[in-house]
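Hello,

Here is the structure I promised to pass on. Please open it first, then read my notes below.

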Amino acid sequence: MKINMAKIGVLAAMLLMGGSLLAQQKDTKNCVAPPFLKKGDKVALISPAYFTAMENVWNTAEVLRGWGLEPVVGPNVGKTDAGKYAGTLEERMADLRWALNAPDIKAIICNRGGYGAIHMVDQMPIGELSAHPKWLVGFSDITTLHAMLCCAGVMSIHGTMSSFLAKGGTDTSSTLLRDLLMGTVPRYDVPAHPQNRQGTGRGMLVGGNLCTFAPLMGSSADALAGDDFILFVEEVGESFHNLDRLFNMLRLQGVLKRCKGVVLGEFTGCKADLDYESVEAMVNRYLSEYDIPVLCGFPAGHGDVNLPLVMGAPVVLDVRSNGATLSFDIEGRQQKVNTAEATAMQTEE
C-alpha cells in the first residue's frame, strides 16, 4: 500500500487542533455569571439570525421600559438580506459586537431565532465573547450563541425573545426572565412524567435546540466536547426519524456517554413518522443504557411556555418517582417555581 505522507500530515494537524480545542472546551466547566441588572440599565435588542417585524421590537422595548430598563435597538435591526436574514452577516455581526463591547449595555436580548447564527461561529474570537460578560437571552437558533459563550466561559439565558415578549411581557416565561435578569434565580419543581428516569446528576447545563447544536460538534463552538454536563434538548417541527438520526449522532460522538443527565424540553409539532408513542419514548431507547437521570416534559422550547434556563451554569438535576427538581448553583436570590403552574396568559401584576 502506498503511503500518502501529505494526507498523514493533514490528519496529524487535525488531531492536534482537535486536541487543543477539546482541552480549551473542557475548561468551560467554570463559566462566569455576568452581573445581574438593576433599574435603569440599558439592554440591547439585536437580530443575529432571521428578521422579525419591527412592531415586535418596539413592543418589546415598551415591555423593557415597564421593567424599569432602558432598551437600545441595534443599529442594523430592521435590515434584511436574502429574504430572511436580519441583514448581511457583517451587519448582524456588527450589532453583536456593538452589544458585547459597549460599556453602557448591560444585557442583550435577541429579537428572533430562525437561522443564521451559525455563520458567526468562526468569525468571532473567543476573547471578544468573554471580555465584557453580560447576559445574552434567546432560544432556537440562538442556541449557537449560547454554545459560543459557553466555550468562551460565559453563562447566558435560554429564554423568550422579542417575538414573544412583544405580546405583553406578563406571562410566566417573561416575568421569570425579568426576575432572573434582576438576580432572582429559579429553582424548578417539575411534575412526574411516565418517561422520566430516576437519579441525581450534577454538571454544567448545555444544549438547546437539537438541530442547531448538533452541527456544532467538532467546531470551536462545541459545548459538548467536555465532561460533566447536563444536556438540555428541545426541538420544533422535525420528524421522528430526523430526531432519531440526530440522537444517534450524539450517541456515536460519545455525548450521551459523557453527560451526567438529560433534560428533555418541548418537542413542538414534531411529526410521528415512526411508531413511537412520543419523542421521549423514542429517545429513552438510547438513554436507557446509561445510568443517568432523565427529566421529560420540562416547559422550555417552542411551546407556549418557555421558562428561562441558565446555560453554562452548574446545575443539580434530581429526578424522583414523584417529580423532579432542577436547580442552578449560582449566586442570587432563590425562588421556587412549580412548572405545572406556569402559564402563557398575560396577567395583571
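**Strands, core and a helix**

Strands E12 and E13 (residues 323-328) run antiparallel, joined by 6 bridges. A hairpin of 2 residues links E12 to E13. Within this pairing, Val315 has Phe328 of E13 as its bridge partner. Please note that this is a predicted model.

E12 also pairs with strand E7 (residues 199-209), again antiparallel and through 6 bridges.

Now look at the side chains of E12 (residues 314-320). Val315, Leu317 and Val319 point to one face and are buried.

Next, the core. The largest nonpolar core holds 109 residues. Phe328 is among those with the most contacts inside it, as are Tyr188, Leu231, Leu250, Phe298 and Leu309. Helix H5 (residues 143-152) supplies the largest share of this core, 7 residues. Phe298 touches residues including Tyr188, Leu309, Val263 and Leu326.

Last, helix H9 (residues 240-252). Which residues of H9 are buried? They are Phe240, Asn242, Leu243, Asp244, Leu246, Phe247, Asn248 and Leu250. These pack against helices H8 (210-213), H10 (255-258) and H11 (279-287), and against strands E8 (229-236) and E9 (261-268). At 1.5 Å a residue, the 13 residues of H9 should span 18 Å, and the end C-alpha atoms are 18 Å apart, so the two agree. After H9 comes Gly254, with a positive phi near 80°.

Best wishes

Technical notes:
Residues numbered from 1 in each chain as written. Predicted model: local features only at pLDDT ≥ 70, side-chain atom pairs only at ≥ 80, totals over all residues. Heavy atoms only, no water. Buried < 20%, exposed > 50% of the residue type's maximum accessible area, 1.4 Å probe, protein only. Helix = DSSP H or I, 4+ residues; strand = E, 2+ residues; numbered from the N terminus. Pairing = 2+ DSSP bridges. Core = buried A, V, L, I, M, F, W, Y, C linked by side-chain atoms within 4.5 Å. Contact = heavy atoms within 4.5 Å. Expected span 1.5 Å × (residues − 1). Lists of a residue's contacts leave out its neighbours within four places in sequence.
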